[in-house]
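Could you walk me through this structure in my viewer? I would like to know what to select at each stop and what I will find there.

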Amino acid sequence: MALSRAVDTDFHLRADARLTQEPPSTAEQAEDFTYDPMNPVPTTGGALLLTDEFRPGPLDQAAVEAREDVLVFTTEPLAEDTEVTGRVKVILHAATHGPSTDWVARLCDVDENGVSRNVTDGIVRVRAATPGEPAEHVVDLWSTSIVFRAGHRIRVQITSSNFPRWDRNLNTGESEDSATAARVARQQIFHDPDRPSRITLPVVPIADQKR
């Protein structure tokens, strides 16, 4: 159930790796990366029930965010504490050049020292009606409750894998249980006035935070 006093607030993916409440007002160049299912992004923290090799919870995301197949978008340092309580989702305008793929979104908290730690994440598996054609996808990041402290920054990661927490999409359109081959896919993320990719955060107003 949503917290009644929380206000759904959009933070927009923008050029130059920015994350802003202001939507793009002019055309911005799409971001792109290459997703190779034979070299997936490794699971690093989160709500896990895996072997001891994979630690659960909030972990430093430096190694993940250094990868070329992970896009990051970050706010300026926050002027005041910001509480986020409720359901989180990402509305992604994206294109894949494969018959199918996955889109992974992760919300992170970046502290004053620049350390990024995961908060919550989600995944959606899609089939491309026309490879390379942009489409809107909603990634459900489930619910969370966190206060992003003043001086911290809010960050969103966008990628196409989180393995072994989630099975790799082999980008072929075949069932992952019976697929015998994998292919590399070019991925594109759009953020312009007609295709405003964004994360929606349930933000609790300051007056309510102080009650």
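Here is a short tour, stop by stop, through a predicted model.

**Stop 1: the nonpolar core.** Start by selecting Ile158, Ile189, Ile199 and Leu201, the residues with the most contacts inside the largest nonpolar core, which has 29 residues in total. Next, colour strand β5, residues 82-96: this strand gives the core five residues, the largest share. In soluble globular proteins, nonpolar side chains tend to be buried together.

Stay with leucine 201 for a moment. Beyond its neighbours within four places in sequence, leucine 201 is in contact with Val7, Asp8, Thr9, Phe11, Val84, Val88, Leu107 and Ile154.

**Stop 2: arginine 198.** Now pick arginine 198, which sits in strand β12, residues 198-204. Follow its side chain to the backbone oxygen of proline 196, which it reaches at 2.8 Å. Setting aside residues up to four places away in sequence, arginine 198 also touches Asp10, Phe11, His12, Leu13, Lys89, Val90, Ile91 and His93.

**Stop 3: strand β9 and its partners.** Select residues 153-159 to bring up strand β9, where six of the seven residues are buried. Which strands pair with β9 in the antiparallel sense? One is β4, residues 71-74, joined to β9 over four bridges. To see one of these pairings, show valine 72 with its bridge partner in β9, glutamine 157. Another is β6, residues 100-110, which pairs with β9 over seven bridges. Here, display valine 110 together with arginine 153, its bridge partner in β9.

**Stop 4: proline 42.** Move on to the loop between β3 (31-35) and α1 (62-65), where you will find proline 42.

Leaving out residues up to four places away in sequence, proline 42 touches Val64, Arg67, Asn162 and Phe163.

**Stop 5: the largest pocket.** Finish by selecting Phe11, Gln21, Leu78, Ala79 and Thr82, which lie nearest the centre of the largest pocket among its 18 lining residues. The elements giving two or more residues to this lining are β1 (7-13), β2 (19-20), β12 and α2 (206-209). The volume of the largest pocket is about 290 Å³.

Methods:
Residues numbered from 1 in each chain as written. Predicted model: local features only at pLDDT ≥ 70, side-chain atom pairs only at ≥ 80, totals over all residues. Heavy atoms only, no water. Core = buried A, V, L, I, M, F, W, Y, C linked by side-chain atoms within 4.5 Å. Buried < 20%, exposed > 50% of the residue type's maximum accessible area, 1.4 Å probe, protein only. Contact = heavy atoms within 4.5 Å. Polar contact = N/O pair within 3.5 Å; in protein donor to acceptor, adjacent residues only side chain to side chain. Pairing = 2+ DSSP bridges. 1 Å grid on protein atoms, 1.4 Å probe; cavity = no way out; pocket = protein on both sides within 12 Å on 5 of 7 lines; lining within 4 Å. Points joined across faces, edges and corners; volume = space filled by probe spheres on them.
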